[in-house]
Amino acid sequence: MKDVSTLVARQYEAFAYPQPFADLAEEISNGYSQVGDPSLYGPVLWPEGRPPGRLKILAAGCGTIQAAYAAFMNREDEVVGVDLSDASLGHERYLQERHGLSNLRLFKGDLIDVAATGQDFDVILCTGVLHHMADPGAGLAALRDVLAPGGVMVLMLYGQTVRTGVYMLQDAFRRIGIEQTTAGVAQVRRILKELPQRHYANDYVRAADELKHDTAVVDTFLHPQDRAYTVPQIFDLVEDAGLQFQNWVDNYLYWRNGAWGAGTAIADAVDPLPPREHWAAIEMLRQSAGMHTFTVRGVDTDLAIVDFDQGDWRGFVPHRGPGLFRKGPALFQRGYYQLKALDLEEFVIEAVDGRRSIGDIIGLPALADIPREERDLFGQRYFEHLWKLGHVMIALPPR
Ligand SMILES: C[S@@+](CC[C@H](N)C(=O)[O-])C[C@H]1O[C@@H](n2cnc3c(N)ncnc32)[C@H](O)[C@@H]1O
């Protein structure tokens with residue numbers, strides 16, 4: 001068996017990922033963003049408050065865009081990008097020059113050797129990479145060794161349920177001997193068209209818009225090294241590496257609120273469960289998480305946990321989830337997710353500005369006619385609901 005990193009590097013030389021684009025500013029103005037970016041997701045990365053000063057950010061396995069995007073979005077911070085693939089780094093370099101990103105440095109190498117840079121990092125972004133390593137736990141431990149005290153990692157690993165059909169096809173394509181070439185991609189596309197409607201891969205294929213790009217077909221169906229995780233397997237991976245799971249970057253897929261309302265059989269069954277069991281059960285009931293994006297901290301960090309029953313929820317400061325906008329009367333949208341909101345709900349969403357606390361919002365003069373107890377109950381439960389939907393992020397009051 002060839003060394004896994006060599007095989008993986010070969011793939012990303014021939015099919016650099018993701019599909020490159022020419023101009024960050026243009027893409028961002030058309031709505032492009034990366035989940036977990038420190039400039040957009042501050043309250044998720046640091047519920048206790050963003051540390052002051054210039055951050056050192058590592059994009060480990062940066063691919064074609066991530067390091068340049070991070071440098072573009074976080075101009076005051078220093079970004080280091082590391083990748084196995086020259087082709088990917090070449091595009092990062094192109095974006096660096098195009099946008100004059102003097103805060104970006106790029107290195108070719110295996111993230112397992114990242115300690116050799118002699119630096120540690122306040123933020124480590126590693127998305128879509130560890131699950132391609134022969135030993136993801138060893139990769140995560142290597143990143144842990146360069147995480148600065150109090151630092152945070154944003155990780156993305158594949159989710160098992162949604163990818164079941166993908167692994168069936170990977171197995172078949174390996175046996176058939178389909179190669180990572182343009183001809184191989186064309187053969188995959190022809191085979192996909194002939195699958196039965198009920199094939200487990202079909203939901204995935206319909207939803208994955210990126211499969212229009214050859215590089216995504218290779219990355220999805222012809223990868224030499226690829227595994228996926230359930231929610232409990234993520235906790236094990238993180239804890240075995242001597243780290244702590246902090247939170248999901250987007251809560252939407254993990255709480256039942258996005259799919260089942262109060263009073264449904266599923267809500268009644270999962271609401272009493274502790275969060276980790278709730279998320280694990282929802283993953284299996286909902287079958288929607290193809291990617292798990294989450295943050296982890298070192299064991300030195302005293303985690304600040306958002307809990308609307310324990311915490312001083314009136315002091316929580318809600319921030320709009322990145323991309324949330326008003327689509328029309330009584331309707332908001334964030335990515336694919338829609339939110340209907342009536343009257344009072346609409347009013348409080350509009351009042352979220354990243355500065356006012358929940359207590360400030362429900363204390364606004366426009367709501368003074370509502371009896372205090374009713375207002376409190378609404379504020380506590382509706383903001384909890386919005387947070388469980390990922391439509392708001394919560395910054396916690398100082399401890
Ligand atoms: C699927 S792409 C993800 C790129 C980027 N992180 C993103 O989210 O868009 C995986 C990238 O990780 C790189 N990679 C895989 N294994 C690596 C390793 N052991 N060390 C460094 N880079 C690695 C590949 O070369 C490829 O560019």
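**Entry 1: the cores.** Before looking, I noted the term: a nonpolar core is a set of buried Ala, Val, Leu, Ile, Met, Phe, Trp, Tyr and Cys residues joined through side-chain atoms within 4.5 Å. I also reminded myself that this is a predicted model. With that in hand, I found that the largest nonpolar core has 65 residues. Leu58, Leu130, Leu143, Met153, Trp248, Phe294 and Phe308 have the most contacts inside it. This core takes at least three residues from domain 1 and at least three from domain 3. I then came across a second, separate core of 29 residues, with Leu24, Ile57, Ala67 and Val152 among them.

**Entry 2: the domains.** I wrote down the division of the chain: domain 1 covers 4-160 + 228-254 + 289-298, domain 2 covers 164-221 and domain 3 covers 313-395. The C-alpha centres of domain 2 and domain 3 are 42 Å apart.

Entry 3: Thr293 sits in strand E7 (residues 291-298). Is Thr293 buried or exposed? Its relative accessible area is 14%, so I put it down as buried. Setting aside residues up to four places away, Thr293 touches Val35, Val154, Leu155, Met156, Trp248, Val249 and Tyr254.

**Entry 4: the second largest pocket.** I got a volume of about 830 Å³ for this pocket. Its lining counts 41 residues, and Trp255, Trp279, Val306, Trp387 and Lys388 lie nearest the centre. By class I have 22 nonpolar, nine polar and ten charged residues in the lining. Which helix or strand gives the largest share? Helix H16 does, with five residues. Among the elements that supply at least two residues each are helix H3 (42-45), strand E6 (243-248) and helix H13 (275-286). Domain 1 and domain 3 each give at least three residues to this lining.

**Entry 5: helix H14 and Leu339.** Next I turned to helix H14 (residues 344-351), where the buried residues are Glu346, Val348, Ile349 and Ala351. They pack against strands E8, E9, E10 and E11, and against helices H15 and H16. In strand E11 I stopped at Leu339. Leu339 counts as buried because its relative accessibility is 7%, and the cut-off is under 20%. Beyond four places in sequence, Leu339 is in contact with Ala330, Leu331, Phe332, Ile349, Tyr382, Leu386, Leu389 and His391. I also noted that its C-alpha atom is 9.4 Å from that of Gly258, 81 residues away along the chain.

Entry 6: Ala330, one of the contacts of Leu339, has a positive phi of about 60° without being a glycine. Ala330 lies in the loop between E9 and E10, and at 21% relative accessibility it counts as partly exposed. Asp343 is another non-glycine with a positive phi, about 40°. I placed Asp343 in the loop between E11 and H14; its relative accessible area is 63%, so it is exposed. Pro18 belongs to the loop between helix H1 (4-14) and helix H2 (24-29).

How values were computed:
Residues numbered from 1 in each chain as written. Predicted model: local features only at pLDDT ≥ 70, side-chain atom pairs only at ≥ 80, totals over all residues. Heavy atoms only, no water. 1 Å grid on protein atoms, 1.4 Å probe; cavity = no way out; pocket = protein on both sides within 12 Å on 5 of 7 lines; lining within 4 Å. Points joined across faces, edges and corners; volume = space filled by probe spheres on them. Helix = DSSP H or I, 4+ residues; strand = E, 2+ residues; numbered from the N terminus. Nonpolar A, V, L, I, M, F, W, Y, C, P; charged D, E, K, R; others polar. Domains from an automatic or database assignment. Buried < 20%, exposed > 50% of the residue type's maximum accessible area, 1.4 Å probe, protein only. Contact = heavy atoms within 4.5 Å.
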